[in-house]
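Student: Hi, I have a new structure on my screen and would like to walk through it with you. Can we take it piece by piece?

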Amino acid sequence: MKQRFLSFKKNKYMKDLELYEKLATGQTPKFMVIACADSRVCPSSVLGFQPGEAFVVRNVANMVPPYENGPTETNAALEFAVNSLKVENILVIGHSRCGGIRALMSMHDDVEPSGLIGSWVSVGMNARVKTKAATHLLNFDQQCKHCEKESVNCSLVNLLSYPWVEEKVRNGELNIHGGYYDFVDCSFEKWTLYKENNLRDESGKVAVKDRAFWF
């Protein structure tokens, strides 16, 4: 670790001293990124964010709990990023072979979640229900992959449950994006919440636009 730090200081910090001196006075990121804590998924490495560009929050299975669930570290960071840092974009990134999603999909329908991990990933229960309904003919691994993406959309819905997030989206001050990183074949899928009068329908679905696949 020492050698890695000294290499960073010599090859990055000292060569871009003006940037780091500017960052010492404050931060003005354009992006907030909500990503999984999985060690294989590093948003800055995958998407090339430089210091000061993205306010990053990482948790198990990259989930955003709904506003009514009460305070968590994730939504405290969300409040700070949106209301204080004035980020212009929120990006929720799911990924392949997610252990948190696998735990969610392994839950039994008639058993209350137990333990800290079970209680946390149950935030994505709506994604699990939708996945089970849409993929009941697929094997478990395929169902998990479907849920990895569906859980991102459920997090987008949950973002809109925060009054100050929905207001900024409606006013065009904030854009919300979903992403999916498949590290098996190194591909990335990205989509954007479509801003319209009715951001969500009665089923909680969101309309999206600008879906792109990067290979």
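**A chat about strands, helices and salt bridges**

Tutor: Happy to! Let's start with E189, which counts as buried at 8% relative accessibility. Keep in mind that this is a predicted model.

Student: Okay, which side chain does E189 meet in a salt bridge?

Tutor: E189 meets the side chain of R211, with 2.7 Å from N to O. E189 sits in strand β5 (residues 187-193) and R211 in strand β6 (residues 208-214), so the pair ties together parts that are 22 residues apart in sequence.

Student: And R211, how accessible is that one?

Tutor: R211 counts as partly exposed, with 41% relative accessibility. Compare that with E189, which is buried at 8%.

Student: Which residues are linked with them in a network?

Tutor: The network of salt bridges links K149, E189 and R211.

Student: Which strands does β5 pair with, and in which sense?

Tutor: β5 pairs with strand β4 (residues 175-182) in the antiparallel sense, over 6 bridges. With β6 the pairing is also antiparallel, over 5 bridges. If you want landmarks to click on, G179 has K190 in β5 as its bridge partner, and T192 has K209 in β6.

Student: What about the hairpin of β4 and β5? Which residue takes a positive phi there?

Tutor: That is C186, with a phi near 50°. The hairpin has 4 residues between the strands.

Student: Which strands pair with β1?

Tutor: One is strand β2 (residues 54-59), in the parallel sense over 6 bridges. Another is strand β3 (residues 89-95), again parallel, over 4 bridges. To find your way around, look for C36 opposite N59 in β2, and for V33 with its bridge partner L91 in β3.

Student: Nice. Let's move to helices. Which residues of α7 are buried?

Tutor: Helix α7 runs over residues 125-134, and its buried residues are A127, R128 and T131. They span an arc of only 100° around the axis, which places them on the same side of α7.

Student: What comes between α7 and α8?

Tutor: There is a loop, and T135 is found in it. T135 is buried, with a relative accessible area of 3%. Not counting residues up to four places away in sequence, T135 touches Q143 and H146.

Student: Which residue forms a salt bridge with D141?

Tutor: R102 does, and the closest N and O atoms are 3.0 Å apart. D141 lies in helix α8 and R102 in helix α5, so this pair ties together parts that are 39 residues apart in sequence. D141 counts as partly exposed at 49% relative accessibility, and R102 is partly exposed at 40%.

Student: How many salt bridges does the count come to?

Tutor: The count comes to 8. Among them is E166 with R170, where the closest N and O atoms are 3.3 Å apart. These two are 4 residues apart in helix α9 (residues 163-170), so about one helical turn separates them. E166 counts as buried at 17% relative accessibility, while R170 is partly exposed at 45%.

Student: Last one: which residues make a nonpolar surface patch?

Tutor: F5, L6 and F8 make a patch of about 270 Å². F8 is partly exposed, with a relative accessible area of 30%. Leaving aside neighbours within four places in sequence, F8 is in contact with Y13 and Y20.

Terms used: Residues are numbered from 1 along each chain as its sequence is written. This is a predicted model: local features need pLDDT of at least 70, side-chain atom pairs count only at pLDDT 80 or more; totals for chains, interfaces and linings use all residues. Side-chain values use heavy atoms; hydrogens and water are left out. Buried means under 20% relative accessible area, exposed over 50%, partly exposed in between (1.4 Å probe, protein chains only). The arc is that of the directions from the helix axis to the C-beta atoms. Two strands pair if DSSP finds at least two bridges between them. Patches are made of residues with over 30% relative accessible area and no salt bridge: like charges are joined within 9 Å, nonpolar side chains (Val, Leu, Ile, Met, Phe, Trp, Tyr) within 5 Å. Accessible areas come from the Shrake-Rupley method with a 1.4 Å probe; for residues, only the protein chains shown count as cover. A salt bridge is a side-chain nitrogen of Lys or Arg within 4 Å of a carboxyl oxygen of Asp or Glu. Contact means heavy atoms within 4.5 Å.
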